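Colleague: I'd like to go through the labels on this one with you. Can you tell me what stands behind each of them?

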Amino acid sequence: MKRFISAAACFLALLLLLPSLTVYASGPDIAPGCMAVVYNPQSGKFLFSQNGGGSTEPTVTAKMVALLLIYAEFRTDMSAEITVTAESIRNVGTAYDTSTPMIGLTSGSTFTAQELISCAAVSWANDCINPLIYALCARQGIEYSDFDEKMTEYAESLGCKATLYKEPLGRAGRGSKTTAEDVALICSEFYNCYDLLSLSSAGYYSLRGSTIHNRNYLFSERIVSGCTLGGMRGMCAGQYASSGGYCLCSAYDYGALTYIFVIMNGGILLFDEEGNRYFNPSANPYADISALRTWVTAEYGYVTLCEKGDAVAELTADRAQGTDHLVLSASETVRVLLESSYSEADITERINYDLSRITSSRDSSGKTIYTISAPVTKGETLGMISYLYNGEVIGSSPLVASDNLDTDTVLDFFDKAKEMLFSPTALTIFRVLLILAALYVAYCIAAFTVRVVKKVKKDAAETKKQQKYGGKATSRKKPR
């Protein structure tokens, strides 16, 4: 009996767990405590979000915004010389502190903008970024203390709605905040900056004979081993405090698609007894990036709904020479990003015609017939086709005439004659003529009636005279 109860309890527990197991299997296997998103810039959609809207410290992603602004300032003047000042490297971190990376630049040293930008994109070192910020502020005539406000405004221009910078280096406890979803939008802009993306994807940078290794361990084994992942593009990695808050951002091109990955609060960089750095296997942001990449490339892909030039609709042609129909074709190829498990039954088409050119009617069966009158020029836009997935528009293309429609001159002559005969003006003229004809007939009848009456009266008078003179007519003639 006890065995039966125990087995029943296990079976019941399994039933209760099945729904959760099914849901878990459908998503990527990543650390539950991190904030993570996968973003596709082509569609502007978040394909995965685990607490992606939760507020957190921006950490190294603040320096991404700073570097984007710096690059925009110096991109046409990369040879500009920048002198590292004591003020620009004061209180920006200490050596070997993973939360405030430094490469050891000294006050008074001079570098080109190209050198510092390149080094910053690889190392994300505070003593590379900060001198660049000071130089930018001097060139633009603004205070260093106002640069964080400029960063916030720039983030807002990229669509970030929950990002605020209180200082430019992403240091902890300064009041700055952001979300993983906002960071993905910043990464999308960074991805579009080819120079910065390429620099951040390099394993190292040589600064005047000193080798600076990339702190994004997707590209370098020098500091932490076992984290590299082929095919990834940039972008940044860093930790906002020694107690945790690791951030990792990167991108992956898969065919024509780009996936941007963001991990915030993704574990902590640890040290073993020999001083080697490593991540806890249960909270490893690099393992999470790998899992997210495997998942998204399997779960999503492009679906072609129509190719440019595909015949999409057919119209009845009126007054057209040599044909009674016109084919409308798609002027653009429509490809959309969908889950691999999508059903074609969930995709519907909706066509909106240009009603200034096209008329509709119903045949005997109740089917709607759309008609266009010639002439029509090939390539003329006559409507729009939209594709809906579960009721939401996911793609559209203008519809254009696939051929010219010339006017049939004979039909056009009769149609114009018919239009002219039955036009309001023609009908008015016809009514006037009918009225005039009726008046003329009435006049004729009246005139005839008058003549008849006069004749009758005359005949009656003549008869009366004959009776008076005995039936002989008399006449008076003038003497000759």
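Modeller: Helices (H or I, at least four residues) and strands (E, at least two) are DSSP runs, numbered from the N terminus. This is a predicted model, where local features need pLDDT of at least 70 and side-chain atom pairs count only at pLDDT 80 or more, while totals for chains, interfaces and linings use all residues. Residues are numbered from 1 along each chain as its sequence is written, and side-chain values use heavy atoms, with hydrogens and water left out.

Colleague: How do you know which strands pair with β1?

Modeller: Two strands pair if DSSP finds at least two bridges between them. β1 has 5 bridges to β9 (residues 257–264), running antiparallel, and 5 bridges to β2 (residues 45–50), again in the antiparallel sense. Take Tyr39: its bridge partner in β9 is Ile260, and in β2 the partner is Phe46. The β1–β2 hairpin has 4 residues between the strands, and there Gly44 takes a positive phi near 70°.

Colleague: Why is the contact between Asp77 and Arg139 called a salt bridge?

Modeller: The rule asks for a side-chain nitrogen of Lys or Arg within 4 Å of a carboxyl oxygen of Asp or Glu. For Asp77 and Arg139 the closest N and O atoms are 3.1 Å apart, and the pair forms a salt bridge. The two residues are 62 apart in the chain, with Asp77 in the loop between α2 (61–74) and β3 (81–83) and Arg139 in helix α4 (residues 126–140). Asp77, at 26%, is partly exposed, and Arg139, at 41%, is partly exposed too. By this rule the count comes to 7 salt bridges.

Colleague: What are the accessibility labels for Arg208 and Glu115?

Modeller: Arg208 has a relative accessible area of 54%, so this residue is exposed. Glu115 has 15%, so this one counts as buried. They form a salt bridge with the closest N and O atoms 2.9 Å apart. Arg208 sits in the loop between β5 (204–207) and β6 (210–213) and Glu115 in helix α3 (residues 113–123), 93 residues apart.

Colleague: Which parts does the pair of Asp253 and Arg233 tie together?

Modeller: Their side chains meet in a salt bridge at 2.8 Å, N to O. Asp253 lies in strand β8 (residues 244–254) and Arg233 in strand β7 (residues 232–241), so the pair ties together parts 20 residues apart in sequence. Asp253 is partly exposed at 28%, and Arg233 is partly exposed at 22%. Elsewhere, salt bridges that share partners join Glu73, Asp77 and Arg139 into one network.

Colleague: Last one: why does Lys150 count as partly exposed?

Modeller: Lys150 has 29% relative accessibility, so the partly exposed label applies. Lys150 is in helix α5 (residues 147–157). Leaving aside residues up to four places away in sequence, Lys150 touches Leu69, Gln140 and Ile142, where contact means heavy atoms within 4.5 Å.

Notes:
Buried < 20%, exposed > 50% of the residue type's maximum accessible area, 1.4 Å probe, protein only.
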